[in-house]
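Here's a quick tour of one model, with the cut-offs spelled out along the way. Have the viewer open as you read.

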Amino acid sequence: MKVKDNRKSSGTGEKLYQVGNIICDGTANFYMVVSYSGRYALLNLATNEVVSAYEKSLHNLYESCYDIEDTLVDASLIVR
């Protein structure tokens, strides 16, 4: 899988944490906000591992994971 990185300058704080958004953490790690069984988590796109606990709301996910270096990425996922 390849991520085409077209970072956006907009989208900060809680607005980043919406299902389907891809976030870069400032160190070239990419995460997708996912929903599973009514809970939310971050999925590491390089390892396919869930890297955060499943939270009951997007707000809870934001509070437990947000870092000031997080950036919203306008990305295209290419699966081969």
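Is C65 buried, exposed or partly exposed? C65 is partly exposed, with a relative accessible area of 23%. On this scale buried is under 20% relative accessible area, exposed is over 50%, and partly exposed is in between (1.4 Å probe, protein chains only).

## Ground rules

This is a predicted model, so local features need pLDDT of at least 70, side-chain atom pairs count only at pLDDT 80 or more, and totals for chains, interfaces and linings use all residues. Residues are numbered from 1 along each chain as its sequence is written, and side-chain values use heavy atoms, with hydrogens and water left out.

## The cores

A nonpolar core here is a set of buried Ala, Val, Leu, Ile, Met, Phe, Trp, Tyr and Cys residues joined through side-chain atoms within 4.5 Å. The largest one has eleven residues: L16, Y17, I23, Y31, V33, Y40, L42, L58, L61, Y62 and L72. Two or more residues each come from β3 (30-36), β4 (39-44) and α1 (58-65), and α1 gives the largest share, three residues. Those elements are DSSP runs numbered from the N terminus: helices are H or I with at least four residues, strands are E with at least two.

Apart from that core lies another, of nine residues, with C24, F30, M32 and L43 among them. C24 counts as buried, at 1% relative accessibility.

Leaving out residues up to four places away in sequence, L42 touches Y17, Y31, M32, V33, E49, V50, V51, S52, L61 and C65, where contact means heavy atoms within 4.5 Å.

## Helix α1

The buried residues of α1 are L58, L61 and Y62. They sit on the same side of α1 because they cover an arc of only 100° around the axis, taken from the directions from the helix axis to the C-beta atoms. Their cover includes β3 and β4.

E63 also lies in α1, but E63 is exposed, with a relative accessible area of 55%. Its side chain makes a polar contact with the side chain of H59 at 2.8 Å. (That's a pair of N or O atoms within 3.5 Å; within protein, one must be able to donate a hydrogen and the other to accept it, and residues adjacent in sequence count only if both atoms are side-chain atoms.)

## A buried loop residue

N21 is in the loop between β1 (2-7) and β2 (22-24). At 18% relative accessibility, N21 counts as buried. Not counting residues up to four places away in sequence, N21 touches K15, L16, Y31, M32, V33 and L72.
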